[in-house]
Amino acid sequence: MNKKIAVYPGSFDPVTNGHLDIITRSSELFDRLIVGVLKNTSKPCTFAISERIAMLASCTRGINNVYVAGFDGLLVDFMKQHKARVIVRGLRAISDFEYEFQMALMNRNLYPQVETVFLMTDEHYSYLSSSIVKELAGFNADIKSFVPRSVMPYLNKQRTARAKKYSDSSKTIVKKRRKH
Ligand code: COA
């Protein structure tokens, strides 16, 4: 089994510059880094799995040893399938620690050969999350410095769809009011 294959798992809904920082730095530590995109997350995703994979594939195109793949089910099964023993996770703040500690121990319990390696997130991205980025995009805030360029068209499309939905629903309210 190759020790130098690592998996960086997540929902990446969408990938942010914080994720990209972890991907870039860990790609230098391992022979191969597989970014594992969880298909059916317990939280509802804004972007389809194909879109999340396309965004990641596009922004990691220049890093030769990075591969992007979707997965379903247990992370440890995905690791076994790819003969990987190392899970990479980014730590943004102390508040991440408890959840990460629990996951690392559970994954080791399920697959004793596995090790979880934590990288400290770059301080510029310590407050970032995919949800915050989506919320800011929804309010037309400038998010160019938070996400890779490949993500912008997807967020713009989502913003347009959201604006249309709100404008359609406000027309319905106006129509309803007029009836009375
Ligand atoms: N920079 C910016 N944002 C980051 C970040 C970083 N370095 N690291 C994490 N985040 C953000 C993510 O974007 C995400 O934001 P959101 O909640 O707004 O979407 C949030 O922090 C949580 O990220 P993460 O902890 O990676 O959760 P996730 O849902 O992306 O991924 C899995 C969780 C996929 C790793 C985990 O659910 C899993 O392994 N599932 C498979 C099933 C399994 O094996 N379960 C047993 C595990 S013990």
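I looked up the buried residues of α5 and found S130, V133 and A137; a residue is buried if 20 or more other C-beta atoms lie within 10 Å of its own, exposed if 12 or fewer, and partly exposed in between, with C-beta atoms placed from the backbone. An α-helix has 3.6 residues a turn, so residues three or four places apart point the same way. I noted the exposed residues S131 and E135 on the face of α5 turned away from its buried side.

I recorded that this is a predicted model, in which local features need pLDDT of at least 70, side-chain atom pairs count only at pLDDT 80 or more, and totals for chains, interfaces and linings use all residues. Residues are numbered from 1 along each chain as its sequence is written. Helices (H or I, at least four residues) and strands (E, at least two) are DSSP runs, numbered from the N terminus.

I next examined the ligand. It is surrounded by 23 residues, the closest being G10, G18, G90, S130 and S131; a residue is near a molecule if its C-beta atom, placed from the backbone, lies within 6 Å of it. Two or more residues of this shell come from each of β1 (5-10), α1 (17-27), α4 (94-110) and α5 (130-138).

I then checked the backbone. After α5 comes N140, whose phi is positive, near 60°. N140 lies in the loop between α5 and α6 (152-179) and counts as exposed, with 9 C-beta neighbours inside 10 Å. K83 is not a glycine, yet has a positive phi of about 55°. I located K83 in the loop between α3 (75-81) and β4 (86-91). K83 is exposed, with 11 other C-beta atoms within 10 Å. D13 and P14 are joined by a cis peptide bond, with omega of about 5°, and P14 sits in the loop between β1 and α1.

Finally, I turned to β2 (residues 32-38), where six of the seven residues are buried. β2 runs parallel to β1, joined by six bridges; two strands pair if DSSP finds at least two bridges between them. In this pairing, V7 stands opposite I34 of β2. Six bridges also join β2 to the parallel strand β3 (residues 66-71), where V66 is the bridge partner of L33.
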